[in-house]
Amino acid sequence: MEAADFYTGIVADAYGHLKSSSFDADLYRDFVVTHGQSGLEIGCGDGAPLLDLRAEGVDVEGVDSSSDMLERCHANALRRGIEVRLHQQRVEDLALDRRYPSIYFAGPTFTLLPDDETARRALLRIQQHLTNDGMALIPLWVPAPTPTGEMSVSRCHDDGLGVEVRFTPVSETSDPVGRTRVTSCRYERITSTGTEVAEREWIIHWQTPSSFRRLCREAGLAVVDLVDDDTGTAAIDGSTSFTATVSTEIQRAAV
Ligand SMILES: C[S@@+](CC[C@H](N)C(=O)[O-])C[C@H]1O[C@@H](n2cnc3c(N)ncnc32)[C@H](O)[C@@H]1O
């Protein structure tokens, strides 16, 4: 299975119930309002925070590689009475018929791109979809190994109607030189008629500030800001959570 297809089937069903972190809409709304509408949220999944921005009247569209996640996003939008424009594409192959003044990932979805070549292609596609004065916001994360105490421990959700979903990390390898952590996981859906199981490899390919700057340079993007989320100062190699703001080289040249 390719990394871009991870969030399909049972995983898409379980995601909304079992996700470990959610991202506040404020940062992304402020980014789009400041840098210009329409915005584009990459990896919008089942609609967080995209639908919160749409509910506030912000003009933003969503893109995701998983039709299963987008189906849930459509259903969530319908339930909330929100209109939203969604595209099923991989960011590394992004080919939309317009450009955007603001493009963002909500949370460190960029680290789901499984290697530097895919990450470089994604940055190039982002560069091609930004207006000349556009900006993109890319949160990044360097994962620690999953604590041994959490290995083989299931996170569960019971819907009260006879369906339980479970996520269990089973084993993990981490390659600091290749900047890649691979966690073998088991997802289960348990009903009165049986248990459906999916074994998946969750790949996190992380960037350091310097590897990210190099990829941006190769993709024709200028790094405007690279801020450590914990200290609020410039990210350094060693920062584990940081956020990049990037623009096209065209804009940099005009300044
Ligand atoms: C961790 S989920 C985040 C979903 C949502 N933003 C949230 O916070 O709940 C990551 C999303 O990125 C999508 N994704 C993964 N790889 C992708 C790729 N190469 N191109 C576009 N979307 C991708 C997945 O299908 C999934 O919906």
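A residue is called buried if 20 or more other C-beta atoms lie within 10 Å of its own, exposed if 12 or fewer, and partly exposed in between, with C-beta atoms placed from the backbone. The structure examined here is a predicted model, in which local features need pLDDT of at least 70, side-chain atom pairs count only at pLDDT 80 or more, and totals for chains, interfaces and linings use all residues. Residues are numbered from 1 along each chain as its sequence is written.

By this scale R80 is partly exposed, because 13 other C-beta atoms lie within 10 Å. R80 belongs to helix α4 (residues 67–80); helices (H or I, at least four residues) are DSSP runs numbered from the N terminus. Leaving aside residues up to four places away in sequence, R80 touches L51 and A55, contact meaning C-beta atoms, placed from the backbone, within 7 Å. D52 is 28 residues from R80 along the chain, and their C-alpha atoms are separated by 9.9 Å.

Turning to the overall layout, the domain assignment, which is automatic or taken from a database, gives domain 1 (3–143 + 207–254) and domain 2 (148–205). Their C-alpha centres lie 24 Å apart. Between them, 17 residues of domain 1 are in contact with 15 residues of domain 2. On the domain 1 side, helix α1 (residues 10–18) gives the most, with 6 residues.

The ligand is surrounded by 21 residues, the closest being Y7, G43, G45, S65 and S66; a residue counts here if its C-beta atom, placed from the backbone, lies within 6 Å of the molecule.

Methods:
Contact = placed C-beta atoms within 7 Å. Helix = DSSP H or I, 4+ residues; strand = E, 2+ residues; numbered from the N terminus.
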